[in-house]
Amino acid sequence: MDANDTSHREPPAIEAVGLHRRYGPAGAAGFDAVRGLDLTVRRGELLALLGTNGAGKTSTLELIEGLAAPTAGRVRVLGLDPHRERAALRPRIGIMLQEGGFPGDLTVAETGRTWTGLTTGARPVDEALDLVGLLDRRKVRVKQLSGGERRRLDLAMALLGRPEVLFLDEPSTGLDPEARAAVWRLVRELRAQGTTVLLTTHYLEEAEELADRLAIMHRGRVAAAGTVAEVIAGRPARISFELPERHGRYETLALPPLPGAEVTADGRRITVQTHQLQSTLTGLLGWAAHQEVALGGLDARSASLEEAFLAIAASADTATVHPAAPALIGTAR
Ligand SMILES: Nc1ncnc2c1ncn2[C@@H]1O[C@H](COP(=O)(O)OP(=O)(O)OP(=O)(O)O)[C@@H](O)[C@H]1O
């Protein structure tokens, strides 16, 4: 057993097992937004929850934050039931909502004083405002803040209690690049100080920059989870190009044998997926040179998080995948 492994001593920061959330009545009139979700976030870890639109991220987050009870399954945060034991848990967690919705007539400092009552109050308001660069805006009314400043106020309020677990719901949406970089620096600092962070984001780059591990949701479940390398592992590299058009038609071409590769054709555009990028590319380029075929818009890339995400998003679609070459590609018209 790993000497640093404390999992046998204390429960994980967040643990969800077989989580379900249903909106509406049983039967066809209702909708299962979360369908048997399993998720573990270790203490001190930053986990990014990604997902296709409507995958159920917000519905899941609300269960973990205790804002709603699951239809079935079990969720624990710091060993507590976040819905039933909300009063005990609330001061130990920080929640940055997508829309903080603070009253517009209160000043930034007044908002901090009001909000601090909901937390342990461990961090002074001015310190939280300073962390997000809003200290000099403390006397400004919330309604006078820019969109980006409001987002930073949302974050400052989530930091008031020096939370053990921090929930960040799309923290950098609406921020300009400079403010985003500042938020990322702050999140890294908090993580380095031992704060557990569960972050939802639509930006794959944000997940790659910040997360120890990530989980990709699709249709109410976790479809893939692990480090970026683990999520990408096993995904094929991709080569794409266009067949040439000659004399108003494009040619019927027999691609060379590309062992282990999968070839798909969409008109003239050919996509080759392979786990041996170098040898497949070598075979393809050698063939093209020999046949004197120009491969238009040739693009070859290793597997990426974006590729993995898109593959998961498309997984319910019925993509036609042909077996490996040799294959007849192209249609003479
Ligand atoms: N109150 C509700 N009643 C019925 N269906 C709902 C309700 N809230 C959400 N849904 C549906 O549940 C599914 C999951 O929604 P949810 O907001 O959790 O997804 P999400 O992953 O956060 O999406 P996005 O990334 O687009 O914000 C969606 O199909 C949504 O339409």
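Guide: Helix 3 covers residues 108–116 and helix 5 covers 147–158; their axes come within 10 Å and cross at roughly 30°. The two helices therefore count as roughly parallel to each other (under 35 degrees is roughly parallel, over 145 roughly antiparallel, 65 to 115 roughly perpendicular, and the rest oblique). Helix 3 brings Val108, Thr111, Gly112 and Trp115 to the contact, and helix 5 brings Leu153, Ala156 and Met157 (contact: C-beta atoms, placed from the backbone, within 7 Å). Sorted by class, that makes five nonpolar, two polar and no charged residues.

Some ground rules before we move on. This is a predicted model, where local features need pLDDT of at least 70 and side-chain atom pairs count only at pLDDT 80 or more, while totals for chains, interfaces and linings use all residues. Residues are numbered from 1 along each chain as its sequence is written. Helices (H or I, at least four residues) and strands (E, at least two) are DSSP runs numbered from the N terminus. Axes are lines fitted to C-alpha atoms, for helices over the stretch in contact, with angles from 0 to 180 degrees between N-to-C directions. Nonpolar covers Ala, Val, Leu, Ile, Met, Phe, Trp, Tyr, Cys and Pro; charged covers Asp, Glu, Lys and Arg; the others, Gly among them, are polar.

Six strands make an open one in the order 5-6-7-3-8-9, with mixed pairing (strands pair if DSSP finds at least two bridges between them). Its edges are strand 5 (93–96) and strand 9 (221–226), each pairing on one side only. Within this sheet, strand 3 (46–51) and strand 8 (213–218) run parallel, joined by five bridges; Leu47, for one, has Arg213 as its bridge partner in strand 8.

Another open sheet has three strands, ordered 2-1-4 and paired antiparallel. Strand 2 and strand 4 (72–77) sit at its edges, and the twist averages 25° from one strand to the next. Eight bridges tie strand 1 (14–23) to strand 2, and Tyr23 is partnered with Phe31 there. Helix 1 lies across strands 1, 2 and 4, at about 120° to strand 1.

Definitions and conventions
Two residues are in contact if their C-beta atoms, placed from the backbone, lie within 7 Å.
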